[in-house]
Amino acid sequence: MNTEILTLTNELVSDRFPKSLAAMIAGSHVRGRATATSDIDLIVLMPTGARTYRESFLYEGYPVEAFIYTEATIADFFEADRARRRPSLQRMVAEAVPIRVHPLVDQLKAEASRQLLAGPTPWTVEQLNQNRYFLTDLLDDFIGVEDRTEGLAIATRLFDQAASFHLTASGRWLGQGKWLPRELTALSQADADRFSDAFDRYFRFDEKQAVISLIETWLMQHGGRHFDGFSIGK
């Protein structure tokens with residue numbers, strides 16, 4: 001990691017969070033993927049009873065996203081992220097570089113890594129069937145749409161819904177924004193490339209077939225299209 005960022009963050013923690021038990025840097029600066037607009041993701045652990053909050057600010061000209069927890073509240077946020085199948089905090093903690101060391105850091109990093117490796121709770125048969133139906137329905141809307149603007153709106157939803165369906169049905173974590181294609185890549189580089197190419201063809205050239213073929217393939221891998229006989233709350 002950039003030594004300038006490391007030094008700067010040490011100073012930041014001393015200046016703004018002098019009572020903290022521990023602090024860690026996470027995000028793109030740790031992964032070596034920082035760009036000119038990347039912020040510093042900072043995880044701060046405060047003593048029991050302190051407030052839990054998130055704040056954004058500039059420090060010496062650098063944008064900082066600070067996430068402030070206690071031992072109890074960070075466990076609650078772990079559980080919330082696990083429940084929504086988007087382990088944002090687990091990823092941050094697992095990869096984080098300690099700035100202010102405390103025994104709690106090693107415990108949290110081990111637990112974050114354990115949860116990431118374990119994966120999310122699998123869908124029940126009912127949940128899988130519901131999501132097969134919803135994806136089938138949206139795909140049929142996409143196949144039938146003729147208005148270009150409406151097609152773009154449907155395709156935007158389909159981009160997220162199809163990838164999320166395939167990931168969850170495959171027992172993988174979900175991602176939001178840039179993490180969605182990253183999770184697809186982690187599952188299958190071939191699928192990720194096909195997904196990117198298919199939607200690129202539609203958004204640029206109004207070519208639907210590659211998107212349709214890919215999503216129908218994913219549906220078939222997880223039970224096929226689902227419409228006839230579907231009901232909720234009958």
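**Close-up views of a predicted model**

View 1. Apart from neighbours within four places in sequence, L174 contacts R84, R85, R86, P87, R91, S164, L167, T168 and E183. L174 sits in the loop that joins helix 7 (148-169) and helix 8. Its relative accessible area is 9%, so L174 counts as buried, the cut-off being under 20%. P120 is 54 residues away from L174 along the chain, and the C-alpha atoms of these two residues are 8.9 Å apart.

**View 2. Helix 4 and the elements packed against it.** Helix 4 covers residues 88-95, and its buried residues are L89, Q90, R91, M92 and V93. R91 is also one of the contacts of L174 shown in View 1. Three strands are among the packing partners of the buried residues: strand 1 (22-26), strand 2 (40-45) and strand 4 (62-69). These buried residues also pack against helix 3 (71-83), helix 5 (103-118) and helix 8 (179-187).

**View 3. T136 within helix 6.** Helix 6 runs over residues 125-144 and includes T136. With a relative accessible area of 2%, T136 is buried. Its contacts, leaving out residues within four places in sequence, are L219, R225 and H226.

**View 4. S28 in helix 2.** Helix 2 consists of residues 28-31, and S28 belongs to it. S28 is buried, because its relative accessible area of 9% falls under the 20% limit. When residues up to four places away in sequence are not counted, S28 touches R33, A34, S38, D39 and D41.

Note on methods: Residues are numbered from 1 along each chain as its sequence is written. This is a predicted model: local features need pLDDT of at least 70, side-chain atom pairs count only at pLDDT 80 or more; totals for chains, interfaces and linings use all residues. Side-chain values use heavy atoms; hydrogens and water are left out. Buried means under 20% relative accessible area, exposed over 50%, partly exposed in between (1.4 Å probe, protein chains only). Helices (H or I, at least four residues) and strands (E, at least two) are DSSP runs, numbered from the N terminus. Contact means heavy atoms within 4.5 Å.
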